[in-house]
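I opened this notebook page to record what I looked up in one chain. The sequence and the structure come first, and my entries come after them.

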Amino acid sequence: MSTADAPKKPRETDDVPVPATLRKSLKNRHIQLIALGGAIGTGLFYGSSESIALAGPSILLAYLVGGLAIFAIVRALSEMSVEDPKAGAFSYYATRYWSKRAGFISGWNYWFNYILVSMVELSVVGKFVNYWFPAIPTWVSAAVFLVIICAANLLGVSKFGEFEFWFAIIKIVAVIAMIIGGLAVIIFVLPTASGVRASFANWFTVGNGFFPNGLMGQNSDGSWTGLLMALVVVMFSFGGTELIGITAGETEDPKTTIPRATNDIIWRILVFYIGALGVIMAVVPWNTIDGKSSPFVQIFDSVGIHAAAGILNFVCLTAVMSVYNSGLYANSRMLYSLAKQGNAPAYLGKLNSRGVPVAGVLTSAAITAIAVVVVFVWPEFAFNYLMSIATIAGIINWTMIMLTEMKFRKVVAAGGAPEDSELAGLSGQEALDAIHFKLPFAKVTPWVVLAFLALVVVLMCFSTSYRIAVIAGVIWLAILFAAYQITQAKR
């Protein structure tokens, strides 16, 4: 056979058939925007009202402290992802460096968490569509968007990355436009709807100053408020940032891309949370932000853009699509990883010619569809109980990441680094020093973060709406432990 007749090795793209394997098709721009988009959602656009009401201007400190904790968590995950980039991220690492039980609990907890989050996002998508088309039933909107996002995920990982790239661009432009508009009002002393002159001094002069409710206090109705209570709301607004680790197995150059995306988390939090909310509370008196409308709508109104509600409705619609797109991607890869570990049915570990775990995508989409039906039929049950599990599942997930990172370092120091890693053959301090992207102060940081997460759980017990989540979390962990024992017994 001549050279010309020899079969050519196909390029590794989503459009050319190659042996069934995950494709490393996510580029640097995809990872950067996926990471950024994961930190900006409806929790910022609407949920920030609740956190501002709890802490006033001191909420900026809550976002800074919570942001540092999230940064440490993602750094711990990225340390492992750079050395051992695999699909399933923390579930795979928990299995590889801890135990099969830990991998089972970590993986299924994360999968179920995103099923519930996706359920809620799809159940509210109809409300955003009804803003323009009130005659369309909400369940129709949910079904249409579920099919669209499912189809996008089946096209290949590069298509998923492209969708997320543009979803994130829309959210970023909206936040930056708000910040620029707010700064213009402050700099040029433009009149505001409230009649209060826009100024950063408003942080300290409006409504009892910067710490209006102190660190923690109790209202006349028995509810707790203050900076510490706001930490609970703040932490859950950061959910999704760990998606960076999930993408590591399909990233072109994880050793360069993952560290860059991870380190950028700090400035994202500074700009898109602290910067945005700081400008909002300089223009709109914080004690007039009551949650009846988004603070973003209020500041756009102050600037004179009265179509703000419609603009924000569009942004939130894309944010909901983004969350479900990310959730379906993460869940399909998690099921794939669980199947490879032997912690899920084998059929979930099969890939098509595009490198997509089709069974994982379709299974996750089908379960989400059932969950959405539950929301429409029993909305009170769904939101009060199922979302409580989703709430505590985030804490469980972050806790597992920090514990796994400590296990990872012990294995590396013992000479058990992955064979294809640059750490292979090294042991002891030499191996630890050779880690490409180290968690800062690795001997202390995990314990500080775990103590902080424990504090958040304790604070949840003071809140009526979050207390049930703590109880649900204990029950949920018991169910996962029992499920693992049952599956092992059957084998």
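The entries below go from the whole chain to single residues.

**Basis.** I worked from a predicted model, in which local features need pLDDT of at least 70, side-chain atom pairs count only at pLDDT 80 or more, and totals for chains, interfaces and linings use all residues. Residues are numbered from 1 along each chain as its sequence is written, and side-chain values use heavy atoms, with hydrogens and water left out.

**Overall form.** I found 20 helices and two strands in the chain; helices (H or I, at least four residues) and strands (E, at least two) are DSSP runs numbered from the N terminus. The radius of gyration is 23 Å, close to the 23 Å of the globule rule for 491 residues, so the chain is as compact as a globular protein of that length. That radius is taken over C-alpha atoms, and the rule is 2.2 Å times the number of residues to the power 0.38. Along the principal axes, the C-alpha atoms fill a box of roughly 80 × 50 × 45 Å. I noted that residues 24 or more positions apart account for 77% of the contacts with a separation of 6 or more, a contact being heavy atoms within 4.5 Å.

**Burial and core.** Of the 491 residues, 56% count as buried. Buried means under 20% relative accessible area, exposed over 50%, and partly exposed in between (1.4 Å probe, protein chains only). I next looked up the largest nonpolar core, which has 163 residues; such a core is a set of buried Ala, Val, Leu, Ile, Met, Phe, Trp, Tyr and Cys residues joined through side-chain atoms within 4.5 Å. Ile59, Val175, Met178, Ile246 and Phe296 touch the most other members. Leaving aside residues up to four places away in sequence, Val175 touches Ile40, Leu44, Phe45, Phe272, Ala276 and Phe296.

**Surface patch.** Leu61, Leu64, Leu68, Phe211, Trp267, Leu270 and Val271 form a nonpolar patch with about 590 Å² of accessible area together. Helices α4 (59-83) and α13 (265-283) each give two or more residues to this patch. Patches are made of residues with over 30% relative accessible area and no salt bridge, like charges being joined within 9 Å and nonpolar side chains (Val, Leu, Ile, Met, Phe, Trp, Tyr) within 5 Å. Areas come from the Shrake-Rupley method with a 1.4 Å probe, and for residues only the protein chains shown count as cover. Val271, in helix α13, is partly exposed at 32% relative accessibility.

**Salt bridges.** I counted four salt bridges, each a side-chain nitrogen of Lys or Arg within 4 Å of a carboxyl oxygen of Asp or Glu. Arg409 meets Glu79 at 3.0 Å, N to O. Arg409 is in helix α17 (residues 379-413) and Glu79 in helix α4, so this pair ties together parts 330 residues apart in sequence. Arg409 also meets Glu405 at 2.9 Å; these two are four residues apart in helix α17, about one helical turn. Glu405 is buried at 0% relative accessible area, and Arg409 is buried at 15%. Shared partners join Glu79, Glu405 and Arg409 into one network.

**Backbone.** Which phi values did I note as positive in residues other than glycine? Val189 has a phi near 50° and Asn208 one of about 70°. Val189 lies in the loop between α8 (157-187) and α9 (202-205), and Asn208 in the loop between α9 and β1 (217-218).
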